[in-house]
Protein chains: 2
Amino acid sequence: MPQPPAPRRTLGRPPRISREEMVAAARRIVDAEGVDRLTMRRLATEIGSTPMALYHHVRNKDQLLVLLLDDYAVRTLRRPEVPDEPRERVVAAAAAIHEALADCPWIVEVLTADDLMSASALWFVEQIVDGLVAGGLSPERAVHGYRAIWYYTAGEIMIRATAARRRRTDDGPTYRDQVFAALDPDELPRLSEVAQRWAPLTAEDTYLDGLRALVDGLLAAR
Amino acid sequence: MPQPPAPRRTLGRPPRISREEMVAAARRIVDAEGVDRLTMRRLATEIGSTPMALYHHVRNKDQLLVLLLDDYAVRTLRRPEVPDEPRERVVAAAAAIHEALADCPWIVEVLTADDLMSASALWFVEQIVDGLVAGGLSPERAVHGYRAIWYYTAGEIMIRATAARRRRTDDGPTYRDQVFAALDPDELPRLSEVAQRWAPLTAEDTYLDGLRALVDGLLAAR
DNA sequence: ACCTGAACACCGTTCAAGT
DNA sequence: ACCTGAACACCGTTCAAGT
């Protein structure tokens, strides 16, 4: 599996810092203080260097984030038992990706920064595509099916992570609370009916239910 | 429908700028130069004021973005013909939301900033929840179903918008291209099979296919 | 009540120079 | 080849003061 190309070593002054060291230090900062605190300047002081030295080892901050995600994926993605049944294989692979990423709220910034996560996640993509083909889809439709699953999974993680962050920095009722408190039951009867229960209902973790529905729908002959 | 509370008018010096003026100016900046260029300072010069005057009318920049999204929703969301058939009603409402937001790539930053879009989008949420209930789901499961559709829709928009932005600021083959060029066919046979077609396949707009699959799966008795 | 000026505490990145 | 210092061109937000 290729890493993004590292700067070539030929002659001259030996490097004092390495990509690995940068990624490890970035991980420490993110784990201890959150993504927001990961800046090129903060990272430079963490490894006892200057901001500009970093740009000798990564193209820019975006690339650093991709490297960080890759590092995270390599360390935490555990390959699950893959059931023979196609539908269950797809669900198991998608759930494994979801589980790894959901524990990692800082991922959001990086998810939107690159559509495919990392080389080490490809095995999971393979399981999903293969399961969909085994379930009767053409390879083309299987790729589209994988994409739909990825949209659903990434969307769930991004929205939940932001909601959690919002809850941390809490100040009074949210805009949503205000809107739901003032619903017109004549115009919006269904929403009025569930208005009181909206917050707890949407806080429930129903990722797997939605995933199963999506996979069912993708595999259903139509 | 309530707007977020505006500062109370009582006595004293009459205001020189209003929320409406701020939102209109913000819209001009975003349309002409992109979200990245929308800063409190830029907005202040746009309306011939100072950054700090703005903080008298909005709590912070996040609130300004929510107001901007609300303004966008009011102006662009068009209520579609709603079919009687529950399944088609859900699809039509979700597709309408998707269509409005997909034309608006700057939305990404705001989507992750608040899970429900705006008061003017509630009618569409009502249609989706109502359609799912008409299709046989309990109100609780219908809300969960709506959330699944929202995750899928928001994920699709965010990922596509970022991919488009990435394509604009193009410099050479992406990380993904490199990864796919070096696949091991023994370890990842399915992905190797479609490797050449991966980019065009994932560039295709298959939002509606995935949506229909998801709605089918949600409505299928299990 | 509403607005201003100045400042705080930062950013990512470029450039020219050093070793 | 690798690193440094200084600078560029910005940010969002707070504070104290003015009208």
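Let's start with a cysteine. Cys104(A) is buried, at a relative accessible area of 1%, and Cys104(B) is buried too, also with 1%. Here buried means under 20% relative accessible area, exposed means over 50%, and partly exposed is in between, using a 1.4 Å probe and protein chains only. What about disulfides? A disulfide is a covalent bond between the sulfur atoms of two cysteines.

A word on the ground rules. This is a predicted model, where local features need pLDDT of at least 70 and side-chain atom pairs count only at pLDDT 80 or more, while totals for chains, interfaces and linings use all residues. Residues are numbered from 1 along each chain as its sequence is written, chains are lettered from A and ligands numbered from 1 in the order in which they are written, and side-chain values use heavy atoms, with hydrogens and water left out.

Now step back and look at chain A. Its secondary structure comes to twelve helices and zero strands; helices (H or I, at least four residues) and strands (E, at least two) are DSSP runs, numbered from the N terminus. Chain A has 222 residues, and 51% of them count as buried. Contact, in what follows, means heavy atoms within 4.5 Å. Take the contacts in chain A between residues at least 6 apart in sequence: 68% of these join residues at least 24 apart.

How do chain A and chain B meet? The contact takes 70 residues from chain A and 70 residues from chain B. The size of an interface is often given as the accessible area lost when the parts come together. For chain A and chain B that buried area is about 6500 Å², with carbon and sulfur atoms giving 66% of it; the figure is the accessible area (1.4 Å probe) that two parts lose on being put together, summed over both.

Side chains of opposite charge can pair when their charged atoms come close. A salt bridge is counted when a side-chain nitrogen of Lys or Arg is within 4 Å of a carboxyl oxygen of Asp or Glu, and six of them cross between chain A and chain B. One of these links Arg79(A) to Glu187(B), with the closest N and O atoms 3.8 Å apart. There are also 13 residue pairs in polar contact between chain A and chain B (both at pLDDT 80 or more). A polar contact is a pair of N or O atoms within 3.5 Å; within protein, one must be able to donate a hydrogen and the other to accept it, and residues adjacent in sequence count only if both atoms are side-chain atoms.

Which elements of chain A touch chain B? Those giving two or more residues include helix 4 (61-76), helix 7 (122-134) and helix 8 (139-168) of chain A. Helix 8 of chain A supplies the largest share, 18 residues. By class, this side of chain A has 37 nonpolar, ten polar and 23 charged residues. In that sorting, Ala, Val, Leu, Ile, Met, Phe, Trp, Tyr, Cys and Pro count as nonpolar, Asp, Glu, Lys and Arg as charged, and the others, Gly among them, as polar.

Over all chains, the salt bridge count comes to 30. Arg42(A) pairs with Glu46(A), the closest N and O atoms being 3.0 Å apart. Both lie in helix 2 (residues 40-46) of chain A, four residues apart, about one turn of the helix. Arg42(A) is partly exposed at 24%, and Glu46(A) is partly exposed at 28%. Over in chain B, Arg160(B) and Glu156(B) form a salt bridge at 3.6 Å between the closest N and O atoms. Arg160(B) is partly exposed at 22%, whereas Glu156(B) is buried at 2%. Back in chain A, salt bridges that share partners join Arg28(A), Glu33(A), Arg37(A), Arg42(A) and Glu46(A) into one network.

Two last stops. His57(A) sits in the loop between helix 3 (51-54) and helix 4 of chain A, is buried at 15% relative accessibility, and has a polar side-chain atom 2.9 Å from the backbone oxygen of Ile17(A). Thr153(B), in helix 8 of chain B, is buried at 3%, and its side chain makes a 2.8 Å polar contact with that of Tyr207(B).
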